Amino acid sequence: MIRFILTLTFLVLFLILTIPLRGIEHLIGKFNPELRDKSSLAIVKWAFRCCIFTAGTRVDYIGLENVPKDIPVMYVGNHRSYFDIILTYPKVPRLTGYISKKEMESLDPEIQEFFSMMANGTFKMTGDAEEFYNRVNSL
């Protein structure tokens, strides 16, 4: 329970303290979107690593050497929780988008802002393959 409280405290402080940072990120994005993407990626990776640490999670990543670093890659997870995103995002080598179910849009607005800056998207899970294909191509 104490680890949950530590992680929750970190997240609340992170969201409050990064309010000015999001404004700076927005300004950077007006002049250099690629730099904004790289800095946003670094911020999110750092925050996720802190969450992993405060949660007391020990993670063994197996097979990272098999992931190509110079071509697009699709990571497919079961997303049965939110924690799989936190565990995988710090290990991806470049900007990575996650496609989530439509219910993820009900998250906190501050989290949604980072979510959209990181090339993530949502779609309604209807089983429509064409909608999924179009959503992937839009990222």
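This is a predicted model: local features need pLDDT of at least 70, side-chain atom pairs count only at pLDDT 80 or more; totals for chains, interfaces and linings use all residues.
Q: In what order do the elements of the protein chain run from the N terminus on?
A: The protein chain has six helices and two strands. From the N terminus on, the order of these elements is α-α-α-α-β-α-β-α.

Q: What percentage of the contacts in the protein chain with a separation of 6 or more comes from residues 24 or more positions apart?
A: The protein chain has 139 residues, and buried residues make up 29% of them. Among contacts with a separation of 6 or more, the share of residues 24 or more positions apart is 53%.

Q: Within what arc do the buried residues of α1 fall, seen down its axis?
A: The buried residues in α1 are Thr-7, Phe-10, Phe-14 and Leu-15. They line one face of the helix, because seen down the axis they fall within an arc of 125°.

Q: Which residues are exposed on the other side of α1?
A: Buried residues of α1 include Phe-10 and Phe-14. On the other side of α1, the exposed residues are Ile-2, Ile-16 and Leu-17.

Q: Is α1 oblique or parallel to α2?
A: Two packed helices are described by the angle between their axes and the distance between the axes. For α1 and α2 (residues 19-31), the axes are 4 Å apart and the angle is about 50°. An angle of that value makes α1, relative to α2, oblique.

Q: How many residues of the contact of α1 with α2 are charged?
A: On the α1 side the contact has Leu-15, Ile-16 and Leu-17, and on the α2 side Ile-19, Pro-20 and Arg-22. By class, five residues of this contact are nonpolar, none is polar, and the number of charged residues is one.

Q: What arc around the axis do the buried residues of α2 cover?
A: In α2 the buried residues are Arg-22, Glu-25 and Gly-29. They lie on the same side of α2, because the arc they cover around the axis is only 55°.

Q: Which residues are exposed on the other side of α2?
A: Arg-22 is one of the buried residues of α2. The exposed residues, on the other side of this helix, are Pro-20, Lys-30 and Phe-31.

Q: Is α2 roughly parallel or roughly antiparallel to α3?
A: The axes of α2 and α3 are 6 Å apart, and the helices pack at an angle of about 150°. Angles over 145 degrees count as roughly antiparallel. That makes the relation of α2 to α3 roughly antiparallel.

Q: How many residues in the contact of α2 with α3 are nonpolar?
A: From α2 the contact takes Leu-21, Glu-25, Ile-28, Gly-29 and Phe-31, and from α3 it takes Pro-33, Leu-35, Arg-36, Ser-39, Ser-40 and Ile-43. By class, three residues of this contact are polar, two are charged, and the nonpolar ones number six.

Q: How far does α3 reach from its first C-alpha to its last?
A: Helix α3 (residues 33-54) has 22 residues, for which 32 Å is expected at 1.5 Å a residue. Close to that value, the reach of α3 from first C-alpha to last is 31 Å.

Q: Which residue with a positive phi follows α3?
A: The phi of this residue is near 75°. The residue that follows α3 is Gly-56.

Q: Is Ser-40 buried or exposed?
A: Ser-40 has its place in helix α3, and its C-alpha is 9.1 Å from that of Leu-95, 55 residues apart along the chain. Because its relative accessibility is 0%, Ser-40 counts as buried.

Q: Is Lys-38 buried or exposed?
A: Lys-38 is also placed in helix α3. Its C-alpha is 8.2 Å from that of Arg-94, 56 residues apart in sequence. With a relative accessible area of 53%, Lys-38 is exposed.

Q: How far apart in space are Arg-49 and Leu-87, C-alpha to C-alpha?
A: Arg-49 lies in helix α3 and is partly exposed, with a relative accessible area of 43%. In sequence Arg-49 and Leu-87 are 38 residues apart, and their C-alpha to C-alpha distance is 8.0 Å.

Key: Residues are numbered from 1 along each chain as its sequence is written. Side-chain values use heavy atoms; hydrogens and water are left out. Axes are lines fitted to C-alpha atoms, for helices over the stretch in contact, and angles run from 0 to 180 degrees between N-to-C directions. Angles under 35 degrees count as roughly parallel, over 145 as roughly antiparallel, 65 to 115 as roughly perpendicular and the rest as oblique. Contact means heavy atoms within 4.5 Å. Ala, Val, Leu, Ile, Met, Phe, Trp, Tyr, Cys and Pro count as nonpolar, Asp, Glu, Lys and Arg as charged, and the others, Gly among them, as polar. Buried means under 20% relative accessible area, exposed over 50%, partly exposed in between (1.4 Å probe, protein chains only). The arc is that of the directions from the helix axis to the C-beta atoms. The expected span of a helix is 1.5 Å times one less than its number of residues.
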